Amino acid sequence: MKFSKRISALLTAFALMLVTVSCDKKNDEPLSESDGGFEVTFFDEGKADCMVLKTDNSTVVIDCGVKGTGKRLTAFLEERNVSDVDCLIISHYDRDHIGGAAKLIKNFNVKQVYAPDYADESEELTKYNDALKQKNITPQLLTSDVSFTADNVEYTVFAPKQSEYSKNNDNNHSLVTKAVYGDTSFVFSGDCMEERLSEIMDIGRCDLLKIPYHGRKLDNLGEFLDKTAPQYAVVLTSKKEFSSKVKSLLSDRNITYYASCYNDTITAVSDGKAIKIK
């Protein structure tokens, strides 16, 4: 009788072990493309920002790279049968962020534009403003945070807290966007420098961080990485701009990072539970 009970207990324990191993194996399996409900594409444009955030029924664009990026961005969206852009977010007005914006606005039905509220001048900015006028679009210049939802992705755009910054006024005016899809979250930090990073230290944890200022050294980046604790980081940069100090900050924290200067175009796919990098 005792022997029978022992056999029964051993069989039960073995069955539980099999279930545990099976569950662990399932969680470790890579996501298939059909599992990904939210896809973020980071364009390889050297030291320039251009990102497309897409679900089956929504498209959000953050920054538009340099002047030549407009053609590539247009082709990318047309290949995916996109006609409407739910929101265009311009982090700030530097040429390597706004360069392709005019072409995007001319070729697609851009429903909403968020941009920072400060003055600047450039040929690219003039073309962007002219394109907005031609399409009768009035951008919302943010002085306070704004939130919206697009096809189950929850977005928050964080506005600068100052009207003027003591140093690098344009970079520190960067709008910062956080996108949350299910249990996964992404932070896009524009070209934030030290003053602006200090303002968003409480933005919360994220799974993927777009590193600010093209991977150049920032005195408080380490603190920001500790606060956000990302699993992945993406750096849109050139080999010249990508600081060895930033590489060390990421490696020391076991953050897996991808850089456009090494990895070309980078795609992150989320199924709401985990992120896969392609």
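Two strands count as paired here if DSSP finds at least two bridges between them. With that in hand, take a look at this predicted model. Its eight-stranded sheet is open, mixes its pairing, and has the strand order 8-7-5-3-2-1-16-17. Strand 8 (140-142) and strand 17 (275-277) each have a single partner strand, so they stand at the edges with one side left without a neighbour in the sheet. From one strand to the next, the twist averages 20°.

- Strand 3 covers residues 58-64 and strand 5 covers residues 87-89; the two pair in the parallel sense, over three bridges.
- Helix 2 (residues 69-79) lies across strand 1 (38-42), strand 2 (50-55) and strand 3.
- That helix runs at about 10° to strand 2.

**Strand 11 and its partners**

- Strand 11 (residues 176-181) is mostly covered, with five of its six residues buried.
- Strand 10 (residues 153-158) runs antiparallel to strand 11, and five bridges join the two.
- Strand 12 (residues 184-188) is also antiparallel to strand 11, again with five bridges.

**The hairpin turn**

- Strand 11 and strand 12 form a hairpin, with two residues between them.
- Glycine 182 sits in that turn and has a positive phi of about 60°.

How values were computed:
Residues numbered from 1 in each chain as written. Predicted model: local features only at pLDDT ≥ 70, side-chain atom pairs only at ≥ 80, totals over all residues. Heavy atoms only, no water. Helix = DSSP H or I, 4+ residues; strand = E, 2+ residues; numbered from the N terminus. Axes fitted to C-alpha atoms, helices over the stretch in contact; angles between N-to-C directions. Contact = heavy atoms within 4.5 Å. Buried < 20%, exposed > 50% of the residue type's maximum accessible area, 1.4 Å probe, protein only.
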